[in-house]
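Here is a colleague's note to read with the sequence and the model open side by side. It goes through the points one at a time, so that each can be checked on the screen.

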Amino acid sequence: MKLIVLSSPTPVANELAILTSMFENGLNYFHLRKPAFDLTQYENYLSSIPDKFHDKIMLHTYHDLQHKFDTKGIHFSGEPPVTMVAKFKDNTTTSISCHSFEEVKKLGQQFSYVFVSPIFDSISKIGYKSTFDPSTLKTAIAQIYPQKLIALGGINANNIKQTGNYGFDGVGVLGAIWMSRNPLNSFINLRKQCLC
């Protein structure tokens with residue numbers, strides 16, 4: 001099962017050193033989402049990551065930096081125009097976020113994978129509750145196959161295996177990593193569970 005780490009939207013102590021250690025310990029998908037960053041801050045953040053790991057990074061904003069830094073791909077928020085997706089399609093990994101399976105069905109197969117959230121009550125967004133019925137998740141996911149679906153929202157060491165049982169292709173994790181006492185150890189533990 002694919003493990004995707006999303007950046008904390010706010011700064012974390014020693015964030016870049018921790019992130020580099022995650023890459024060194026097998027992180028293959030990192031979503032860079034820093035809503036408060038301007039272009040210069042975004043570029044500086046990317047420049048601080050060793051070049052050999054750039055091909056593991058998905059950009060949430062400033063998509064044109066994908067060519068400058070040779071990143072893995074880009075993430076879309078909201079519903080992008082088809083022409084925008086097509087602009088990046090060749091050899092670029094693309095992803096998007098949805099909050100219902102109805103939204104996912106409307107997308108077709110134009111994205112490499114789709115985040116569906118919140119599957120569980122969010123860790124990082126207090127009060128952001130899941131609206132999905134666990135008893136129907138497996139059936140709903142099977143109906144959307146072969147679209148790659150990534151569970152997001154409230155994923156932690158206690159429920160990560162359940163997402164695989166539901167039929168998700170992977171998980172996106174934010175709070176369980178960046179809000180833990182030891183983000184690197186949390187990542188290593190979650191990665192081991194994804195490999196089981």
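The numbered points below concern a predicted model and take up strands, a helix, some backbone details and a pocket.

1. I would begin with strands E1 (2-6) and E2 (29-32), which run parallel and are joined by three bridges. Within this pairing, Ile 4 has Tyr 29 of E2 as its bridge partner. The chain passes from E1 through H1 to E2, and the β-α-β crossover made in this way is right-handed.

2. Strand E2 also pairs with E3, again in the parallel sense and over three bridges, and here His 31 stands opposite Met 58 of E3. The unit formed by E2, H2 and E3 is likewise a right-handed β-α-β unit.

3. Which residues of E2 are buried on each of its faces? In a regular strand the side chains alternate between the two faces of the sheet. Tyr 29 and His 31 are buried on one side of E2, while Phe 30 and Leu 32 are buried on the other, and both faces of the strand are therefore covered.

4. Helix H1 (15-24) has as its buried residues Glu 15, Ile 18, Leu 19, Thr 20, Met 22 and Phe 23. The cover over these buried residues includes E1, E2, helix H2 (39-47), strand E3 (57-59), H8 and helix H9 (183-195). After H1 comes Gly 26, with a positive phi near 105°.

5. Two residues deserve a look for their backbone angles, since most residues other than glycine have a negative phi. Asn 14, in the loop between E1 and H1, has a positive phi of about 60° although it is not a glycine. Asp 70, in the loop between helix H3 (65-69) and strand E4 (73-76), is not a glycine either, and its phi is positive at about 55°. Asn 14 has a relative accessible area of 60% and therefore counts as exposed, and Asp 70, with a relative accessible area of 58%, is exposed as well.

6. The bond from Ser 117 to Pro 118 is cis, with omega near -10°, and Pro 118 is found in the loop between strand E6 (113-116) and helix H6 (134-144). The bond that joins Tyr 145 and Pro 146 is also cis, with omega about 15°, and Pro 146 lies in the loop between H6 and strand E7 (149-152).

7. Gly 172 is found in strand E8 and, because its relative accessibility is 2%, counts as buried. Leaving aside neighbours within four places in sequence, Gly 172 is in contact with Ile 4, Leu 6, Phe 115, Ile 150, Ala 151, Leu 152, Gly 153 and Ile 155.

8. The largest pocket holds about 500 Å³ of space. It is lined by 29 residues, of which Leu 6, Ser 124, Lys 125, Leu 152 and Leu 174 are the closest to its centre. Strand E8 (170-173) and helix H8 (175-178) are the elements that give two or more residues to this lining, and H8 gives the most, with three residues. By residue class, the lining of the largest pocket divides into twelve nonpolar, 15 polar and two charged residues.

Definitions and conventions. Residues numbered from 1 in each chain as written. Predicted model: local features only at pLDDT ≥ 70, side-chain atom pairs only at ≥ 80, totals over all residues. Heavy atoms only, no water. 1 Å grid on protein atoms, 1.4 Å probe; cavity = no way out; pocket = protein on both sides within 12 Å on 5 of 7 lines; lining within 4 Å. Points joined across faces, edges and corners; volume = space filled by probe spheres on them. Helix = DSSP H or I, 4+ residues; strand = E, 2+ residues; numbered from the N terminus. Nonpolar A, V, L, I, M, F, W, Y, C, P; charged D, E, K, R; others polar. Buried < 20%, exposed > 50% of the residue type's maximum accessible area, 1.4 Å probe, protein only. Contact = heavy atoms within 4.5 Å. Pairing = 2+ DSSP bridges. Right-handed = clockwise from strand over helix to strand, strands pointing away.
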